[in-house]
Amino acid sequence: MVDTNDTNDAKRMETCIAMLQGPSDEHIFAGLYMITKLDTLSIQQKCEFQRQISQVLGRDFIPRLLDTKGIDENEALRSLAYNILASFTQDPTLAPEYAQERILLHLCADLLKSPVSDMTSDCIAILNNFTRIERGQELLLRKRIITQLFAIVKTISGELDEKKIVGETNEKKMIILNDLWSLLAELSTNKEFWSQMHLETYGFICFEFANKYIKAGNFQILKIIIESTKWLDIWGSIRDCCLLDLRRGLEHALRQKWPQRERDQVWTCVYGLLNHVECDQMFTMDKAHDSKFLILLLNLVAIEIKLSLDEAEESIIKPDHSDVIAVTDLKEREEGIDRILNVLPTCYGIVEVIISWLAKSSSGTELPIPFEALFQLQQTLTELSTVVATMLCLIRDFMKSHLYTALELHDNRLTEAVHIITYASIRFYGAWIAESLEDSEELIYKHDMLPFLICYNPNVAKDVNGYLDKLSISAERVTQDSRTLDPLHFLLPGILQITTNAKAAYAIMDNAEVQQRIFAFTCNLCRRIDVDYESVPTLSLCLGILINTLMLNRDRTITIARYASQWIHALKFIMPMTCAYGTIFTQNKKFCQDLTQYELYLHLACTSLLIGTIFLQHEDAMHHELPSQLDAFIQPFNDSVRNLKALPPEFTDDSVRDLYEIIRSLSDKFTFKSEHGSNTKESEFS
């Protein structure tokens, strides 16, 4: 039996097409009005019908209609044109035909003149439809169109601000304004949007973010600000007035009780800004504010980290992953874990920047913030570091348990999540202990954390680092891409400090696995180092740790005998590096004025001499010999040390002068020789 509705629709479509093909404009307009009444068609029928209409009218009919003289006074006819366009542009096959600049210019002009009218919803729909096709996006990103869109937003926003309208019209304008901000937020993900951005327009965005963002009740402006942090390098630094507005807007946002998704966007925005804005600008430009913004930010981001770690414990560490759980519960758990993996590195990154800035600023003669505020920040960071240390101990014990074995067997994705959380946590903890060791040292010893911290290396590094692209900011602002970094990089400054304590030095010397990890890491740096490469100071840190360990263990006779072979083996990569640096310094005197390079030269020579003095000269190590591979380096090494002694430091740094004096003392009492039997002198380093 034939459906009567289908029959009627078919007849009406035929009548409509016939009218559109009529001899006069009156026929065509009648046909156009008939189109708007065909609201019972199925999606497939509607698409086919629209294509027929477009073919009959031609792609230039509606643009010509909008260009017609006198059309501005005929709102009904313009409304009809936009209604048909809104319908046509829903079809991705038809939309490119109507993606024309003149249509968009007419549309923007009409919205600017009459933001609230019968055609407004159709105009917004057309704009949104164009964002879904390549040609439409290209048009929307043209300077003329972007300028017009912002002009409309400014007009509506100004009218709302002046309270010229009330009631239902006011609500409609709020909806239109939010729709336009949403459109601009989508366009802001493109480089072209920012390459032609005027600072005045960006200033307007920041002003709206600070003053009307909460009223708008949406997060579209925040999205635009987030996108701006990715492209700030294109058009320069942020003006102070913009930065004040950004900070005010962020403070409003931080004080709201928002759901997780919206809160996460705020952290992303803060992190992105800190990638481009100096902390002095961000946290101290408004003296009257008494550092309240910084205290608020750090307190809230610390709470976010604690909550994320608690959730990770409940979702990953505590459950037995060999158990069968409902699909809905599994999906909810996975969504929670995905959020943790996104928000945790961001929040850690914010805290790392704050720690670095506080450490640098506090070393000066004048504190950047009042002492009372500094004390509050210190308390917050100490509490946070305790929470993170506890989590790292929990993860360490978890990795030794049957639950972790079950996790590896049943869910490789959750195994990766464990490593991502561990990596990010170690990175933060390394930044903290480097700047405030006294608040962490007791906890490190109490829970025997040092072996785990040093030896940890994610066995799914490729996948782990894919999640860590955000972590481009470190204790030194910006370092190498996280995908190239072993987590031990972040711990080196702190370990260097902690190994000045005999307890830590003994822990390293008494643990073969820890020694091998540090040797392997140092050897890898020696293999790929370049004199212009960032790993020069990193290698100095590694060698400094070895020097501290050797100096504090030199009188432990039994331990020295036990590990002599490992330390002598380390000379295979340390001595050749020393010789290479000796050659560089001999041939290029400018390196003598480079503190970083000179300091590494001292560390290389000092480490080699200490190993020789302790392990080859000590009576319990006399049966050990230099590896045969080093025979060719003995004379160049001794020449390098002699040349180094002739280059006393021109720097005022006390640590450099101390290293130089140690080398002088060691070289007076010990030199490397081809035959081990004549490799000692009757004296002992003290």
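**Close-up 1. Helix 27 passes helix 29 in a left-handed crossing.** In this predicted model, where local features need pLDDT of at least 70, side-chain atom pairs count only at pLDDT 80 or more, and totals for chains, interfaces and linings use all residues, residue numbers start from 1 along each chain as its sequence is written. Side-chain values rest on heavy atoms, with hydrogens and water left out. Helices are DSSP runs (H or I, at least four residues) numbered from the N terminus, and a crossing is called left-handed if the near helix is turned anticlockwise from the far one by less than a right angle. The axes of helix 27 and helix 29 come within 12 Å and cross at roughly 110 degrees, which makes helix 27 roughly perpendicular to helix 29 (a term for angles of 65 to 115 degrees). Axes here are lines fitted to C-alpha atoms over the stretch in contact, and angles run from 0 to 180 degrees between N-to-C directions. Leu488, His489 and Leu492 in helix 27 are in contact (heavy atoms within 4.5 Å) with Arg517, Phe521, Leu525 and Arg528 in helix 29. By class, this contact of helix 27 with helix 29 has four nonpolar, one polar and two charged residues, where Ala, Val, Leu, Ile, Met, Phe, Trp, Tyr, Cys and Pro count as nonpolar, Asp, Glu, Lys and Arg as charged, and the others, Gly among them, as polar.

**Close-up 2. Helix 23 packs with helix 27 in a left-handed crossing.** Helix 23, residues 412-435, lies with its axis 7 Å from that of helix 27, at an angle of about 35 degrees. From helix 23, Tyr423, Ile426, Arg427, Gly430, Ala431, Ile433, Ala434 and Glu435 meet Phe490, Leu491, Pro493, Gly494 and Gln497 of helix 27. The residues of this contact of helix 23 with helix 27 divide into eight nonpolar, three polar and two charged.

**Close-up 3. Leu488, Leu492, Ile495, Ile518, Phe521, Cys542 and Ile545 line the largest cavity.** Helix 27 (488-498), helix 29 (512-528) and helix 30 (535-553) are the elements that each give two or more residues to this lining, and the largest share, three residues, comes from helix 27. The lining of the largest cavity has seven nonpolar, no polar and no charged residues.

**Close-up 4. Helix 16 and helix 17 cross in a left-handed manner.** The axes of helix 16 (residues 240-255) and helix 17 (residues 260-274) come within 11 Å and cross at roughly 150 degrees, which makes helix 16 roughly antiparallel to helix 17 (a term for angles over 145 degrees). Leu246, Leu250, Ala253 and Leu254 in helix 16 meet Val266, Trp267, Cys269, Val270 and Leu273 in helix 17, and the residues of this contact of helix 16 with helix 17 comprise nine nonpolar, no polar and no charged.

Methods
Angles under 35 degrees count as roughly parallel, over 145 as roughly antiparallel, 65 to 115 as roughly perpendicular and the rest as oblique. On a 1 Å grid over the protein atoms alone, a cavity is a set of points where a 1.4 Å probe fits but cannot get out, and a pocket is an open set with protein on both sides within 12 Å along at least five of seven lines; lining residues have an atom within 4 Å of a point.
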